[in-house]
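The following exercises concern the architecture of one protein chain.

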Amino acid sequence: MPTGLFLTFEGIDGSGKSTQARRLAEGLRALGHDVVLTREPGGSDGAEEIRTLLVSGDPSRWSPETEILLFTAARRDHLEKVIEPALNDGKIVISDRFADSTRVYQGAARGDLVTKVDALHDLMIGREPDMTFLIDMDPSAALARGLARNSGEDRFEDFGLDFQERLHAGFLMLAEAHPDRFHVIDGDQDETTIADQVAALAAARIG
């Protein structure tokens with residue numbers, strides 16, 4: 001059975017990772033690759049319904065433990081309906097966030113719950129990306145950018161700068177722990193420079 005390639009983008013809110021995921025997908029399609037661009041939470045019909053529960057409303061509406069369960073439920077549906085079928089067809093899947101976000105947001109930044117996040121991931125998801133791009137950006141600048149979007153999906157931005165700084169540290173620790181998979185990109189550079197660096201790394205991995 002053909003096996004595709006699973007690429008993910010991670011970073012704090014407002015880091016520009018969604019833009020870079022889109023640019024990479026467009027670039028690879030222009031080269032003739034069959035690419036599925038998706039996102040989390042969301043990416044499938046069921047997961048998109050759960051997304052609205054997670055990214056909007058009062059910051060305190062869910063406990064970290066409840067968020068872990070909601071994110072995992074959304075991810076499981078996304079995996080079943082979108083990611084695994086595309087990979088089995090030999091496609092390149094690019095996802096704006098995956099399990100690393102849950103490890104950092106709920107597992108580290110909102111409490112000492114990494115063990116629970118990993119246990120539930122192993123039980124219900126059981127897949128890691130082949131390659132992860134971490135768009136690393138100054139938390140204060142990223143927060144200002146994220147809030148300026150006024151998207152209505154700013155529940156996590158509403159936790160404030162201290163939360164974004166904890167996320168920033170958590171992502172860097174995760175990247176350091178998994179250097180074989182993570183590629184840290186300076187997100188304070190201009191958009192095209194970042195896109196060129198991402199494209200070069202992806203090309204080297206695709207071959």
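This is a predicted model: local features need pLDDT of at least 70, side-chain atom pairs count only at pLDDT 80 or more; totals for chains, interfaces and linings use all residues.

**Exercise 1. Describe the largest nonpolar core and identify the elements that supply it.**

Solution. The largest nonpolar core has 17 residues, and those touching the most other members are Leu7, Phe9, Leu24, Ile92, Ile94, Phe133 and Val198. At least two residues of this core come from each of β1 (5-10), α1 (17-30), β3 (92-96), β4 (131-136) and α8 (191-206). Among the contributors, α1 gives the most, with 4 residues. Apart from this core lies another one, of 12 residues, including Ile12, Val104, Tyr105 and Ala175.

The surroundings of one residue may then be examined. With residues up to four places away in sequence left out, Ile92 touches Leu5, Leu7, Leu28, His33, Asp34, Val35, Val36 and Ile206.

**Exercise 2. Determine how helix α2 packs against helix α3.**

Solution. Helix α2 (residues 45-55) and α3 pack at an angle of about 160°, and their axes are 8 Å apart. Because angles over 145 degrees count as roughly antiparallel, α2 is roughly antiparallel to α3. The crossing of α2 past α3 is left-handed. On the α2 side, the contact is made by Gly46, Ala47, Ile50 and Leu54; on the α3 side, by Glu67, Leu70, Phe71, Ala73, Ala74, Asp77 and His78. By class, the residues of the contact of α2 with α3 comprise 7 nonpolar, 2 polar and 2 charged.

**Exercise 3. Determine how helix α3 packs against helix α5.**

Solution. Helix α3 (residues 64-88) and helix α5 (residues 114-124) pack at an angle of about 25°, with axes 11 Å apart. Because angles under 35 degrees count as roughly parallel, α3 is roughly parallel to α5. The crossing of α3 past α5 is right-handed. In the contact, Ile68, Leu69, Thr72 and Arg76 of α3 meet Val117, Leu120 and Met124 of α5. The residues of the contact of α3 with α5 divide into 5 nonpolar, 1 polar and 1 charged.

Note on methods:
Residues are numbered from 1 along each chain as its sequence is written. Side-chain values use heavy atoms; hydrogens and water are left out. A nonpolar core is a set of buried Ala, Val, Leu, Ile, Met, Phe, Trp, Tyr and Cys residues joined through side-chain atoms within 4.5 Å. Buried means under 20% relative accessible area, exposed over 50%, partly exposed in between (1.4 Å probe, protein chains only). Contact means heavy atoms within 4.5 Å. Axes are lines fitted to C-alpha atoms, for helices over the stretch in contact, and angles run from 0 to 180 degrees between N-to-C directions. Angles under 35 degrees count as roughly parallel, over 145 as roughly antiparallel, 65 to 115 as roughly perpendicular and the rest as oblique. A crossing is left-handed if the near helix is turned anticlockwise from the far one by less than a right angle, and right-handed if clockwise. Ala, Val, Leu, Ile, Met, Phe, Trp, Tyr, Cys and Pro count as nonpolar, Asp, Glu, Lys and Arg as charged, and the others, Gly among them, as polar.
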